[in-house]
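Good morning, colleagues. Please take a moment to look at the structure that I shall present today.

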Amino acid sequence: MRYTQSLIATRRDAPADAEVISHQLMVRASMIQKIASGIYTYMPLGLRVLRKIENIIRIEMQAAGAEELLLPMVLPAELWKESGRWSFYGKELLRLKDRKDNDFCLGPTHEEGIVDVVRKNVKSYRQLPLNLFQIQTKFRDEIRPRFGLMRGREFIMKDGYSFDVDEAAAKQTYQTMYEAYVRIFTHCGLDFRPVEAMTGAIGGSLSHEFQVLAENGEDPILSSNSVDYAANVEKAPLDPTVDLTALDQKSGSYKKVATPELTTVEEVAAFLKVAADQLVKILLFETEQGVVGALVRGDHELVEEKLKLQAGVSQLEMARAETITAELKSAVGFSGPVGLSIPLYADYALAAMTDFITGANEADVHFTGVNLGDFEIKGFFDLRRARAGDPCPAGGVYEEFRGIEVGQVFYLGDKYSQAMKATFLNDQGKEQVSVMGCYGIGVGRTAAACVEQSHDENGIIWPQAIAPYEVVLLSLKMKDEAVAGYSQKLYQELRQQGVDVIWDDRMDSPGVKFKDADLIGFPVQLVVGGRGLEAKQVEVKLRRSGEKLTLPCEGIVERLKELLAQGVGS
């Protein structure tokens with residue numbers, strides 16, 4: 001491609017709404033262009049990056065035994081009602097009606113669609129295992145889209161789904177997909193880490209996230225400092241630090257203390273002149289089984305997914321004010337465990353606490369001197385978010401890193417196949433449901449994560465495998481007939497030899513061309529100048545290291561191909 005024939009419009013300033021470096025640089029480098037909040041046009045250079053990532057995904061998916069198909073983006077509500085997610089998914093699901101007033105949605109993910117395909121076509125165990133994937137545009141109506149391609153509303157995603165005869169076979173497929181994902185992100189040239197994760201709205205019981213390590217990553221990752229174990233902060237497990245069977249259960253010594261209009265841990269701790277870790281806060285939730293409460297230390301953070309798991313519920317919404325006042329007979333902002341007759345789940349850390357402070361279920365009042373014998377709990381559980389320095393059950397202590405989630409694999413079990421009756425006849429002629437797995441990669445998010453991880457003050461530094469072009473041919477003075485003539489000849493030879501090259505044939509100054517080449521991040525810059533030609537030499541500059549090589553014009557195409565084969569641009 002010739003630069004003058006390509007739609008490339010770089011800019012020196014970042015857009016005002018670009019908060020992170022990937023958003024800034026991808027706009028400045030003419031990779032993406034905003035059309036609405038959280039919705040972007042993929043410009044030619046950006047689309048080439050995405051297509052290269054997609055190609056790597058296809059190669060590895062097919063090598064792992066997966067087959068590609070394409071589901072519709074617009075899905076009928078009936079399928080989502082079958083799975084139970086029509087009402088559960090929330091406002092992120094963009095709902096719409098057709099001219100006949102039928103309900104549809106734009107697919108944010110496609111479990112329902114793929115199950116419908118399989119249940120209509122798979123009737124026998126002989127047709128399993130089956131592993132299907134697609135690369136398609138999705139839409140999630142994020143409440144606050146931000147960070148460019150990192151958290152947009154419309155995005156390109158690879159989503160895959162496996163169907164097996166039983167749990168053992170499904171977990172084997174899960175491992176196969178896990179290993180394929182490792183190869184995909186390695187091939188993309190990313191520094192990443194697989195970490196254990198919660199399953200969230202997708203469901204299931206086993207999951208790993210693939211996190212690209214970056215200083216500005218939005219996700220904290222915890223890793224043991226002594227063994228090979230990592231998890232996101234929501235999943236990272238904690239063990240009790242005291243013997244839960246030998247607790248001092250003294251009670252009856254608590255007292256009321258006035259705390260007028262003080263509802264937060266920070267306000268109460270400051271008013272009573274104590275540390276936040278001397279308070280116990282209660283978080284009240286409405287679930288499909290009624291109201292439940294979670295108790296965590298004042299300086300700790302509850303992980304709602306952990307509470308869901310321990311309470312055996314799938315829906316968790318913060319209790320409404322009317323529920324707290326009318327049903328629980330408590331006061332909003334001053335709730336506490338003493339006197340509440342609802343299931344209470346206590347975090348492990350509470351087992352070591354005595355004479356602590358809680359809300360008194362009365363406006364403007366707290367209790368001091370509260371102990372575990374003053375109220376009834378369901379038990380002690382791992383409920384809080386782990387943090388750096390906490391002991392890791394696998395060994396050692398947790399260290400914290402930052403990451404950007406680019407992919408996730410789930411073992412789903414029969415969550416969707418049972419609800420939607422995706423059955424087959426087993427080898428005994430009996431009907432049973434398929435066991436599923438689910439596997440996703442954010443294609444645009446992967447590109448953005450790469451930029452977050454790999455850039456400098458001059459612009460993007462693309463790994464060779466996913467760069468928009470591997471080589472940019474820079475003709476420093478196109479008005480010089482010798483430079484223009486040789487550059488055109490060299491460009492044609494490079495293309496004939498299959499080199500992924502763009503020729504900067506603009507009449508602009510060398511300074512402008514070098515700045516754009518660095519900003520866009522082409523891995524290899526092949527520089528043709530008047531003085532070099534007089535000496536029958538060209539210069540090769542490597543974007544990542546900044547190394548410069550002066551090479552003879554004779555045999556330059558073959559030499560460049562050798563360098564690319566060695567991965568000099570990675």
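Let me begin with a definition: two strands pair if DSSP finds at least two bridges between them. Helices (H or I, at least four residues) and strands (E, at least two) are DSSP runs, numbered from the N terminus. What we see is a predicted model, in which local features need pLDDT of at least 70 and side-chain atom pairs count only at pLDDT 80 or more, while totals for chains, interfaces and linings use all residues. Residues are numbered from 1 along each chain as its sequence is written, and side-chain values use heavy atoms, with hydrogens and water left out.

I turn to strand S11, which spans residues 219-224. In the antiparallel sense, S11 pairs with strand S21 (residues 398-413) over six bridges. Within this pairing, Pro220 stands opposite Arg402 in S21. S11 also pairs with strand S12 (residues 230-232), again in the antiparallel sense, over three bridges. Here the bridge partner of Leu222 is Ala231 in S12. Five residues lie between S11 and S12, and the two strands form a hairpin.

How many of the six residues of S11 are buried? The term buried means under 20% relative accessible area, exposed means over 50%, and partly exposed lies in between (1.4 Å probe, protein chains only). By that rule, six of the six residues of S11 are buried. Asp219, Ile221 and Ser223 point one way from the strand, whereas Pro220, Leu222 and Ser224 point the other way.

Let us move to another sheet. Three strands form an open sheet in the order S4-S6-S5, with antiparallel pairing. Strand S4 (74-76) and strand S5 (95-97) stand at the edges with a single partner strand each, so one side of each is left without a neighbour in the sheet. From one strand to the next, the twist averages 40°, where axes are lines fitted to C-alpha atoms, for helices over the stretch in contact, and angles run from 0 to 180 degrees between N-to-C directions. S4 pairs with strand S6 (residues 103-106) over three bridges, and Val74 stands opposite Leu106 in S6.

My last topic is charge. Side chains of opposite charge can pair when their charged atoms come close. A salt bridge is defined as a side-chain nitrogen of Lys or Arg within 4 Å of a carboxyl oxygen of Asp or Glu. The count by this rule comes to 42 salt bridges.

Which parts of the chain does the pair of Asp505 and Arg2 link? Their closest N and O atoms are 2.8 Å apart. Asp505 lies in the loop between strand S28 (501-504) and helix H13 (510-520), and Arg2 in the segment before helix H1 (21-28), 503 residues apart. Asp505 is buried at 6% relative accessible area, while Arg2 is partly exposed at 25%.

A second salt bridge joins Glu54 and Arg58 (3.7 Å, N to O). Both residues lie in helix H2 (residues 44-63), four residues apart, about one turn of the helix. Glu54 counts as buried at 4% relative accessibility, and Arg58 is partly exposed at 24%.

Lys138 belongs to strand S7 (residues 130-139) and Asp159 to strand S8 (residues 154-164), so the pair ties together parts that are 21 residues apart in sequence. Lys138 is buried at 0% relative accessibility, and Asp159 is buried at 1%. Finally, salt bridges that share partners join Arg12, Asp504, Arg506, Asp508 and Asp516 into one network.
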